[in-house]
Amino acid sequence: MTRVFISRDSTALSLGAEQVAKTLAQQASSKGQSVEIVRNGSRGLFWLEPLVEVETSEGRVAYGPVQAEDVASLLDAGLLEGKQHTLYLGNIEEIAYFKNQNRLTFARVGLTDPVNIQDYLAHDGYRGLKNALALQQTEIVKQVTDSGLRGRGGAAFPTGIKWNTVLNAPADQKYIVCNADEGDSGTFSDRMIMEGDPFVLIEGMTIAGLAVGATQGYIYLRVEYPHAKIALNQAIEAAYKNGYLGENIQNSGKTFHLEVRSGAGAYICGEETSLLESLEGKRGLVRFKPPLPAIVGLFGKPTIVNNVISLASIPVILDKGGEYYKNYGMGRSRGTLPLQLAGNIKHPGLFEVAFGMTLRELLYDYGGGSASGRPIRAVQVGGPLGAYLHEGQFDTPLDYEAFAAISAVLGHGGIVVHDDTVNMADMARYAMEFCVEESCGKCTPCRIGSTRGVEVIDRIVDGAQKDKNTVLLRDLCDTMTYGSLCAMGGMTPFPVLSALNHFPEDFGLEAAKA
Ligand SMILES: Cc1cc2nc3c(=O)[nH]c(=O)nc-3n(C[C@H](O)[C@H](O)[C@H](O)COP(=O)(O)O)c2cc1C
Ligand code: SF4
C-alpha cells in the first residue's frame, strides 16, 4: 500500500485538491494499484498546490501543481514509485523555500494527518503537556517567560507576563480564550495551523489552562473558516476520547474543557475586548482598559486571551525548554514568526523563520519577486493597519523593534506585495474606508474621523486646496492616533501616512520622500 498525501487545507481545496484526491483514488483502484490517501495540511508552498506527495524509501516525493486531468499521466509515469514527470519536484523537504525555514510551530503541518491523534503522538505531540503536568504552575509560566515569546496577534505583548498576571489573580473560575478571528488582510497562518495541526493549538491551550488554573477554554473562530472548524472539532473530540481533554487529564487530576465558538464576520471582534463581548453573546463593542482581560475578562473572570500562533508555540517551548526557543531570533524578538506572503508575489505562501531575516531576502530570495514580473513598489506588512514600506526600506530586518523604528509594525506577519502599477492614494483611501466599515463606533476619532478621512483624501486627489487639505489630513491622523480608544482608529493612520509620505506623487503632491 503506497501512502499519498493531498492537502485538505482551504487554499489547496480552492485550487482543486478534492478533485485530485477523488480522481487519484478512482484511477489507482481501476488499475488495481493499492493507495492510501492521507489528507494532510499544506506545506505552505501555495504556488505548487494542489501538491501531491508520495511516500518512498527516499522520503516524500512531491508533484505540483497537480490538476485532476494530470492524474492519468502521473500514474502512467510511475507516480506511486516517485518517478519523473513534468510536475516532478523531488523530495519536498529539499525544496529551498521549505528547507531554509525554522519550522518550530509548523513542524508537523503538512507532515501528519491533522485529525489523527496517533499520528500527532508519533510526531512528538503532547510531549510539552507531559512535561507541564510534572511542573508547578509557576514553573510552566517561567518556561514561557524564559522563551521570550511575545504575542503573535499583533501587539507583541510578552506572553509570560500575561500568564503570570492571570496566575496571580485570585478567582473561582478562569478562562483561556484563543483569538482565532484572523481578520488581517493577507494573513492565513492561524487558519493553516488550525486546519493542518489542530492538536498543537489544543495542547497549547491545555498547557495554558494548567499554568494559570483555568478549567475552561474557548476558541473564538472567524465564521469564514469552515474547514478549520471541522478540523478543530474532530481533533477536540479525539482529544476528549483519548484523555487529553476533560476531567482528570492523563490521570493527573487536572481538568480542562474546550469548545469552538463562531464569530459573525466583524474585523473588530479580533480586538480582544470586543471578542470577549461577542463571546458573551453581545455586540462586539470595544471595552475600556483597564481593567485588563487578564484581571476582568470573560464573564468578569481572569482570562488569558492569546492568538492562535502564540498558543500553538507553547508545546515546543514546554517540550524543548524556554531557552531552546529563545535561541532563535534577534534582539527582543525571540523565536520564530510564520510569515505569510500574499498579493502580487511569485511564490505566495507561509514561511516560518527566526526573526532577523530582511524583508528583501524574503521578497526576492524566497518570494521570487512580483508575480507580474514588474518591480515591487510597495509592501504592506502587518495587516490593514500596517504601514506601506517602499523599496528603500526592504533591508529592514523582520524584528519588532526594527519595524517600530521606521514607524511600521510586523503585526501578525502578513505581507501583501504590490508592483509599480499600484496607486498609493487609492490604498490610503482604502485604509480609511476600511476603518469606516469596521469601526465599532464607540469613539469619535475613529467613527467620524475615518469618514472625514475618505473625504479629505478625495479632495487632495481632486486637487482641491491640496496644501490645506494635506495639513488637515495630517491633523486628522494625529487626532485618530492619540484620541482613539483602540488600535483600529489608532493605527489606521499608519497605512495612510506611509502612503502619503513615501508616495506623495500618487496624491498629486511634490514633497520629497520622508
Ligand atoms: C482592530 C483589531 C483587530 C485585531 N484582530 C486580531 C485578530 O484577528 N487576531 C488576533 O490574534 N489578535 C487581534 N488583535 C489583537 C488582540 O486585541 C490581542 O492583542 C491579541 O489577541 C492578544 O493575543 P497575543 O498576545 O497572543 O497576540 C486585534 C486588535 C485590534 C485593535
Ligand atoms: S477606535 Fe474605533 S474600533 Fe476602536 S473603540 Fe474607537 S470606534 Fe471602536
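Let's start at T358, which touches F394, D395, T396, P397 and L398, leaving out residues up to four places away in sequence. This is a predicted model, so everything here is read from computed coordinates. T358 is found in the loop between β13 (349–354) and α16 (359–366). Along the chain T358 and T396 are 38 residues apart, yet their C-alpha atoms are 5.5 Å apart in space. Is T358 buried or exposed? With a relative accessible area of 17%, T358 counts as buried, because the cut-off for buried is under 20%.

Another loop threonine is worth a look. T112 lies between α4 (96–99) and α5 (117–122), and its relative accessible area is 2%, so T112 is buried too. Setting aside neighbours within four places in sequence, T112 is in contact with N40, G41, D119, H123 and G196.

Helix α2 runs over residues 17–30, which makes 14 residues. Which residues of α2 are buried? They are A17, V20, A21, T23, L24 and A28. Just past the end of α2, G32 adopts a positive phi of about 75 degrees.

Seven of its eight residues are buried, so α12 is largely enclosed by the rest of the structure. Those buried residues are T273, S274, L275, L276, E277, S278 and L279. What lies over them? The cover includes the strands β6 (175–180), β7 (216–221), β8 (257–262) and β9 (303–307). After α12 comes G281, and its phi is positive, near 90 degrees.

Last stop: ligand 2. Where does ligand 2 sit? You'll find it in the largest cavity. There are 13 residues around ligand 2, and C440, K442, C443, C446 and C486 come nearest. By type, the shell around ligand 2 divides into eight nonpolar residues, four polar and one charged.

Technical notes
Residues are numbered from 1 along each chain as its sequence is written. Chains are lettered from A and ligands numbered from 1 in the order in which they are written. This is a predicted model: local features need pLDDT of at least 70, side-chain atom pairs count only at pLDDT 80 or more; totals for chains, interfaces and linings use all residues. Side-chain values use heavy atoms; hydrogens and water are left out. A residue is near a molecule or strand if one of its heavy atoms lies within 4 Å of it. On a 1 Å grid over the protein atoms alone, a cavity is a set of points where a 1.4 Å probe fits but cannot get out, and a pocket is an open set with protein on both sides within 12 Å along at least five of seven lines; lining residues have an atom within 4 Å of a point. A molecule sits in a cavity or pocket if more than half of its atoms lie within 2 Å of its grid points. Ala, Val, Leu, Ile, Met, Phe, Trp, Tyr, Cys and Pro count as nonpolar, Asp, Glu, Lys and Arg as charged, and the others, Gly among them, as polar. Helices (H or I, at least four residues) and strands (E, at least two) are DSSP runs, numbered from the N terminus. The expected span of a helix is 1.5 Å times one less than its number of residues. Buried means under 20% relative accessible area, exposed over 50%, partly exposed in between (1.4 Å probe, protein chains only). Contact means heavy atoms within 4.5 Å.
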